[in-house]
Amino acid sequence: NQIRISLKLDKNQIKSLEHINFKNFKANLLSFEKNSIELLTKKIFNNLTADHLSFKYYQIVNIAEFAFLGIKQLNKLSLSCNRISDLKANQFKGLDELKELDLSYNLIDYLESNSFNSKLQHLENLFLQGNRIRFINPNSFSYFRELTHLDLSDNQLVEELSVYFAG
């Protein structure tokens, strides 16, 4: 039984995680806030066990499909204050146990029906405030079975929202 630590690598000059081996690493918190990473590549966190992963205040523009595949026991993912503009179907694949996803203060302008896949069915908290969201596909939230908190404040929504939350 390994001890879980909190590892904060905030406010450094880290530009890439490609050469960091997370195999069998166990952490309560793994934080890379205020670094210079622009891309999270496929399976970058393979075999990492963490409760909370934080990438706030980065320059992240793109998250590769399957970037989080292989992470074990992740409950909270913080990606706020980046430059993420669109969400693809498999970006969050493998996060079966995720309870909180923070995508606030990015550049997201629409939510497609496949923006969040069915593997996020245990998500309880979803933070999307401070984006540029103008359009939400009516099926965007259909996979969420346990969602209790959804923050869409400070966006550019203009349409009637009742269609998104029917049933």
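1. Two strands pair if DSSP finds at least two bridges between them. By that rule β4 and strand β6 (residues 76–78) pair: three bridges join them, and they run parallel. One of the contacts along this pairing is histidine 52 with lysine 76, its bridge partner in β6. Keep in mind throughout that this is a predicted model.

2. Now the other pairing of β4. Strand β2 (residues 26–31) pairs with β4 in the parallel sense, over five bridges. Here leucine 29 stands opposite histidine 52.

3. How much of strand β4 is buried? Five of the six residues in β4 (residues 49–54) are buried, so the rest of the structure largely encloses this strand.

4. Step back to the whole sheet. Seven strands make up an open sheet, in the order β1-β2-β4-β6-β7-β9-β11, with parallel pairing. Its edge strands are β1 (5–8) and β11 (149–151), each of which pairs on one side only. From one strand to the next, the twist averages 10°. In general, strands of a sheet pair through backbone hydrogen bonds, either parallel or antiparallel.

5. Further along that order, strand β7 (residues 100–102) and β9 run parallel and are joined by three bridges. Glutamate 100 has asparagine 125 as its bridge partner in β9.

6. Glutamate 100 also has a side-chain partner. It meets lysine 76 in a salt bridge, at 3.6 Å from N to O. This pair links distant parts of the chain: glutamate 100 sits in strand β7 and lysine 76 in strand β6, 24 residues apart. Lysine 76 has 29% relative accessibility, so it counts as partly exposed.

7. How many salt bridges does the structure hold? There are three. Lysine 8 is exposed, at 56% relative accessible area. Aspartate 10 counts as partly exposed, at 21%. Lysine 88 forms a salt bridge with aspartate 86, with the closest N and O atoms 3.1 Å apart. Both ends are partly exposed: lysine 88 at 31% relative accessibility, aspartate 86 at 24%.

8. The largest nonpolar core has 41 residues. Leu40, Phe45, Phe68, Leu79, Phe92 and Phe116 touch the most other members. As a rule, nonpolar side chains tend to be buried together in soluble globular proteins.

9. Take leucine 79 from that list. Leaving aside neighbours within four places in sequence, its contacts include Leu40, Phe68 and Phe92. Leucine 79 also contacts Phe55, Ile60, Ile63, Ile84 and Leu103, along with Asp102, Ser104 and Asn106.

10. Aromatic rings deserve a look of their own. A search of the whole structure finds seven aromatic pairs. In one of them, phenylalanine 45 and phenylalanine 68 have ring centres 5.9 Å apart and planes at 5°, so the pair is stacked. Phenylalanine 45 lies in the loop between β3 and β4, and phenylalanine 68 in the loop between β5 (62–63) and β6, so the pair ties together parts 23 residues apart in sequence. Both phenylalanines are buried.

11. Phenylalanine 116 and phenylalanine 144 form a tilted pair: 5.5 Å centre to centre, with 50° between the planes. Phenylalanine 116 is in the loop between β8 (110–111) and β9, and phenylalanine 144 in the loop between β10 and β11, so this pair ties together parts 28 residues apart in sequence. These two are buried as well. Ring pairs link Phe32, Phe45, Phe55, Phe68, Phe92, Phe116, Phe141 and Phe144 into a cluster.

12. Two loop residues complete the note. Lysine 34 lies in the loop between β2 and β3 (39–40), and is partly exposed at 40% relative accessibility. Lysine 34 and tyrosine 57 are 23 residues apart in sequence, yet their C-alpha atoms are 4.8 Å apart. Arginine 132 lies in the loop between β9 (125–127) and β10 (135–136), and is partly exposed with a relative accessible area of 44%. Beyond four places in sequence, arginine 132 touches Leu107, Ile108, Asp109, Asn155 and Gln156.

Technical notes:
Residues are numbered from 1 along each chain as its sequence is written. This is a predicted model: local features need pLDDT of at least 70, side-chain atom pairs count only at pLDDT 80 or more; totals for chains, interfaces and linings use all residues. Side-chain values use heavy atoms; hydrogens and water are left out. A nonpolar core is a set of buried Ala, Val, Leu, Ile, Met, Phe, Trp, Tyr and Cys residues joined through side-chain atoms within 4.5 Å. Buried means under 20% relative accessible area, exposed over 50%, partly exposed in between (1.4 Å probe, protein chains only). Contact means heavy atoms within 4.5 Å. Helices (H or I, at least four residues) and strands (E, at least two) are DSSP runs, numbered from the N terminus. Axes are lines fitted to C-alpha atoms, for helices over the stretch in contact, and angles run from 0 to 180 degrees between N-to-C directions. A salt bridge is a side-chain nitrogen of Lys or Arg within 4 Å of a carboxyl oxygen of Asp or Glu. Rings of Phe, Tyr and Trp (its six-membered ring) pair if their centres lie within 6.5 Å; planes under 30 degrees apart count as stacked, over 60 as edge-to-face and the rest as tilted.
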